[in-house]
2 protein chains.
Amino acid sequence: MKITCQKADLVKGVNIVSKAVPTRTTMAILECILIDASSGEIKLTANDMEIGIETIVNGNILERGIIALDAKKFSEIVRKLPENEVTIETDSSFKTSITCEKAKFDIVGKSGEDFSYIPVIPRNQPIVLSQLTLRDIIRQTIFSVADNDNNKMMTGELIEIKDNKLKVVALDGHRVSIRNVELKNDAPDVKVVVPKKTLNEIVKIIDGGIDDEVNIFVTDNHIIFEFDQTTVVSRIIEGEYFKIEQMLSADYETKIKINKREFFDCIDRATILVNEGDKKPIIVNATNNTMSLSISSFIGSMNEDIDIVKEGKDIMIGFNPKFVIDALKVIDDEEINLYMLNAKSPCFIKDDNGSFIYIVLPVNFNNPGAN
Amino acid sequence: MKITCQKADLVKGVNIVSKAVPTRTTMAILECILIDASSGEIKLTANDMEIGIETIVNGNILERGIIALDAKKFSEIVRKLPENEVTIETDSSFKTSITCEKAKFDIVGKSGEDFSYIPVIPRNQPIVLSQLTLRDIIRQTIFSVADNDNNKMMTGELIEIKDNKLKVVALDGHRVSIRNVELKNDAPDVKVVVPKKTLNEIVKIIDGGIDDEVNIFVTDNHIIFEFDQTTVVSRIIEGEYFKIEQMLSADYETKIKINKREFFDCIDRATILVNEGDKKPIIVNATNNTMSLSISSFIGSMNEDIDIVKEGKDIMIGFNPKFVIDALKVIDDEEINLYMLNAKSPCFIKDDNGSFIYIVLPVNFNNPGAN
């Protein structure tokens, strides 16, 4: 094989597929990036058997061929080459030379024979989203996916389409995060749970804006993201997702409009007094047009008042400050609305047109350990 | 005690003295920052018994007093307060309230009684340097201080003044880094070895430029840095430093002028093929007007040619690439000169006026393990 391409293009391609290289594996071939120049294009592939990524790099094929190169070393070499044209040439014993200007590296690759290409999956009607929207909806929900895998269904996000309406849901037993998006193009109805890891990697490699599209295909076992010159194939999590409709009761006795920044800063300050795992709640006391927040721990105590606009009853309710902070971090609005029923019912943070809903369960502040 | 000051001033002061708060200690009082408003100024102090730092914060003293506050929590609180005036008030039981706008923290402090103030040391004639110069000379030598403390004298830097000439030396048995500076003001002759940790912290808190001065005082046991409203007192390392004059032989058979960036980039690329602790040398082969660099390890091999201007004999010599890279990183010149005698003698990297000298011992490239 002999190919040439610009260093910048090669770095971009290597960075993209590297997201599917496993950090630890017993199969050495999975630690490689496959360069496949056996047809008319230079295709890079990596595959950890959960996620597979394939991307095309612009360049010239002088001699067709295939080689598998250790991903870590190959990407380090490529990144440190001068900004110029790179030549990659292999011989029949898989010796590979990588040349750029006066620098020449010789490393030994592997035959591509044992490499697991990403599965070929028939495409039906795509779900079309802008790359910006896809990044946003993942970013705005993924923090609610459970960290541990005690419950497999909580380790992914629900992606559901019904009547061209997309709903993304993440939950971990203490909170629920929901984003709703109206699709511009017709899309098939789907309901699929995608692993957190896949979504995390997708966010990192999709860097386009509102005018760049990504096509999503869903099959019985896989979800496929196609964008630019890249294809990402991921397994999905099998099983029945949680019924969330019944959590979305619209009843409330108190509605509070509050400046998001002030609310965030105040809770952020309060968390100084809480050590991780302390389960110390922040206590919200809303009366008239003031919300008083207070927290106390063995380190000390803190309290602060924030101006609010309140409708309905006064309320005193306790929260795990982290869960509120996580939601406030990803809301782009300046003012937000909180809806609460009583001190034992979840608090809803949502906007008027339902594009986002964050549900946070309260903490019993008289006996927080009991939560 | 009751004081008020601007948040930004308080943050700055806390950041400075925090550098002297020990990360682990058996004396809880050392984990505190002392606020001393018992005289006419607000003075913050921290002291880990090796380094003590004292700085004055602008503000108003409404009621004189002293309090010691847990450094970690106090600095977190201060950093997260709104950008406005902060009030710190204590009562007789050391309960301390920190108020800013509508936010109020209550924490419990300690009596300042057991706190170790920084020692009061008589000042004689100061050594005057610009803050920029002090930062530069530390940055350009400190990487050569030994990491382990097998030899106590190698864990610090020599600071020597003779006839108003300042020399700073760091060495670790494989290399020597020297910076020479002509002092503008008269200064006393001194010879002192300052611990690496002190110099590392000094670099972090001295942020002034060429027109901001620092006064340095040296006593039998201490070195003192005075700048802006801050005083840093550090112990010195007792003992006799290495005789370096005898290492500085001016003999050479080969002189090479090389572009620093190209030389650096090439060695940087070569290190991809070397794992930490591998002891694989980079082999430099200078003939005519080309320097050919090559390295080979079990990962692969690399070679690259660089244009040079050579005077004297051809030479082939091996180096630990890290030691060369470390020196090249801190040299600001575009072109540098290498002076070499033979493959077993140290290589000198120095400029014409002797403001810096980096000496790197070669590695036997036929049997690098023997070095």
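Modeller: A salt bridge requires a side-chain nitrogen of Lys or Arg within 4 Å of a carboxyl oxygen of Asp or Glu. The model discussed here is predicted.

Colleague: What makes the contact of B:Arg139 with B:Asp332 a salt bridge?

Modeller: The N to O distance between the side chains of B:Arg139 and B:Asp332 is 3.6 Å. The limit is 4 Å, so the pair qualifies. B:Arg139 belongs to helix α3 (residues 131-139) of chain B, and B:Asp332 to the loop between α6 (321-330) and β24 (335-340) of that chain, so the bridge ties together parts 193 residues apart in sequence.

Colleague: Why is B:Arg139 called partly exposed, and why is B:Asp332 put in its class?

Modeller: Partly exposed covers the range between buried, under 20%, and exposed, over 50%. B:Arg139 has a relative accessible area of 34% and therefore falls in that range. B:Asp332 has 56%, so it counts as exposed.

Colleague: Which residues are joined into one network by salt bridges that share partners?

Modeller: A:Asp48, A:Lys197, A:Glu201 and A:Lys204 are joined in this way. Over all chains, the structure holds 40 salt bridges.

Colleague: Is A:Lys73 buried or exposed, and where does A:Glu76 stand?

Modeller: A:Lys73 has 12% relative accessibility, so it counts as buried, the cut-off being under 20%. A:Glu76, with 25%, is partly exposed.

Colleague: How many residues of chain A are in contact with chain B, and how much area do the two chains bury between them?

Modeller: The contacts involve 27 residues of chain A and 26 of chain B. Chain A and chain B bury about 2,400 Å² between them, with 54% of it on carbon and sulfur atoms. Within chain A, the residues that lose the most area to chain B are A:Lys80, A:Lys102 and A:Ile272, together 27% of what that side buries.

Colleague: How many salt bridges are counted between chain A and chain B?

Modeller: The count is four. One of the bridges between these chains joins A:Lys102 to B:Asp307, at 3.1 Å from N to O. This pair runs from the loop between β8 (95-100) and β9 of chain A to strand β21 (residues 300-307) of chain B. A:Lys102 has a relative accessible area of 44% and is therefore partly exposed. In another, B:Lys80 pairs with A:Asp268, their closest N and O atoms lying 2.9 Å apart. Both distances meet the requirement of within 4 Å, so both pairs are salt bridges.

Colleague: Why is A:Thr45 called buried, and which residues does A:Thr45 touch?

Modeller: A:Thr45 has a relative accessible area of 0% and is therefore buried. The residue is placed in strand β3 (residues 42-47) of chain A. Leaving aside residues up to four places away in sequence, A:Thr45 touches several residues, among them A:Val17, A:Cys32, A:Leu34, A:Ile53 and A:Phe115.

Colleague: What makes A:Gln125 partly exposed, and where is A:Gln125 found?

Modeller: Its relative accessibility is 40%, so A:Gln125 counts as partly exposed. A:Gln125 is in the loop between β9 (103-108) and β10 (127-130) of chain A. Its contacts beyond four places in sequence include A:Asp186, A:Pro188 and A:Phe217.

Colleague: What is the secondary structure of chain A, and what share of its residues counts as buried?

Modeller: Chain A has six helices and 25 strands. Of its 371 residues, 53% count as buried.

Notes. Residues numbered from 1 in each chain as written. Chains lettered and ligands numbered in written order. Predicted model: local features only at pLDDT ≥ 70, side-chain atom pairs only at ≥ 80, totals over all residues. Heavy atoms only, no water. Helix = DSSP H or I, 4+ residues; strand = E, 2+ residues; numbered from the N terminus. Buried < 20%, exposed > 50% of the residue type's maximum accessible area, 1.4 Å probe, protein only. Contact = heavy atoms within 4.5 Å. Buried area = accessible area lost by both parts, 1.4 Å probe.
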